[in-house]
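Visitor: I'd like to learn how to read a few features of this model. Could you walk me through them?

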Amino acid sequence: SEWDLYKKTTQPQSVTQLATAAVIHRASGSQNFYHWMIDHILKLRAIEFYEKKTGDDVELIVSEHIPGFAREAIDLLGFGNHSIIEWKENKIRVDKLIVPSWPDPTPGNLHWIESKIRCETNEFGDKEWVYISRQNASRGRKVANFDELTPILNDFGVEVIYCEEYSLEEQIELFRSVDGVISPHGAGLTG
């Protein structure tokens with residue numbers, strides 16, 4: 001059966017026709033790093049399973065507002081060669097709509113992500129411990145006495161890192177290469 005994805009409007013709309021597709025990230029979807037990695041990216045595992053079972057190629061429907069790190073994650077997980085449709089709330093007709101179940105961050109699912117992403121950078125080999133700072137965040141979880149904390153971190157050889165200054169691939173490599181991480185609670189710890 002066919003599925004129509006569209007936003008109600010009084011304007012005439014062109015229709016995009018797709019054979020087999022899955023909605024990975026909808027317009028009201030999260031821009032938050034943690035929720036994207038845990039709630040949306042894991043859907044790709046189910047799509048990979050479906051493609052192996054059926055031989056069908058699944059086109060990925062994402063919001064036109066997809067964050068850059070999410071597109072990078074799609075590429076790093078090996079889905080960059082898939083047709084990716086940025087939904088601008090135009091009408092899309094899909095012959096087969098694949099609806100992956102809402103994935104849980106189980107050890108098996110997280111291992112799948114780890115096994116799929118192989119980073120080649122090795123620029124973080126000399127860091128032992130890092131502190132993931134939230135001081136540049138637009139809201140929430142900033143440390144009130146960060147200026148007092150910095151000298152203590154320096155005394156122990158802990159380097160202050162701002163995840164937003166690194167690509168997703170660099171963040172993954174950073175977390176794989178250090179002995180320990182210190183941070184206020186937040187999405188930066190998802191890497």
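Guide: Let's begin with strands: two of them pair if DSSP finds at least two bridges between them. Strands (E, at least two residues) and helices (H or I, at least four) are DSSP runs, numbered from the N terminus. The model is predicted, so local features need pLDDT of at least 70 and side-chain atom pairs 80 or more, while totals for chains, interfaces and linings use all residues. Residues are numbered from 1 along each chain as its sequence is written, and side-chain values use heavy atoms, leaving out hydrogens and water.

Visitor: How many bridges join strand 6 to strand 8?

Guide: Strand 6 (residues 129-132) and strand 8 (residues 180-182) run parallel, with 3 bridges; Y131 partners I182 there. Strand 6 also runs parallel to strand 7 (residues 159-161), again through 3 bridges, and I132 has I161 as its partner.

Visitor: At what angle do helix 2 and helix 4 pack?

Guide: Axes are lines fitted to C-alpha atoms, for helices over the stretch in contact, and angles run from 0 to 180 degrees between N-to-C directions. Helix 2 (residues 43-54) and helix 4 (residues 107-116) pack at about 80 degrees, their axes 10 Å apart.

Visitor: Which residues of helix 2 meet helix 4?

Guide: Contact means heavy atoms within 4.5 Å. L44, R45 and E48 meet G108, N109, W112 and K116 of helix 4.

Visitor: Is E173 buried or exposed?

Guide: Buried means under 20% relative accessible area, exposed over 50%, partly exposed in between (1.4 Å probe, protein chains only). E173, found in helix 6 (residues 168-177), is buried at 10%.
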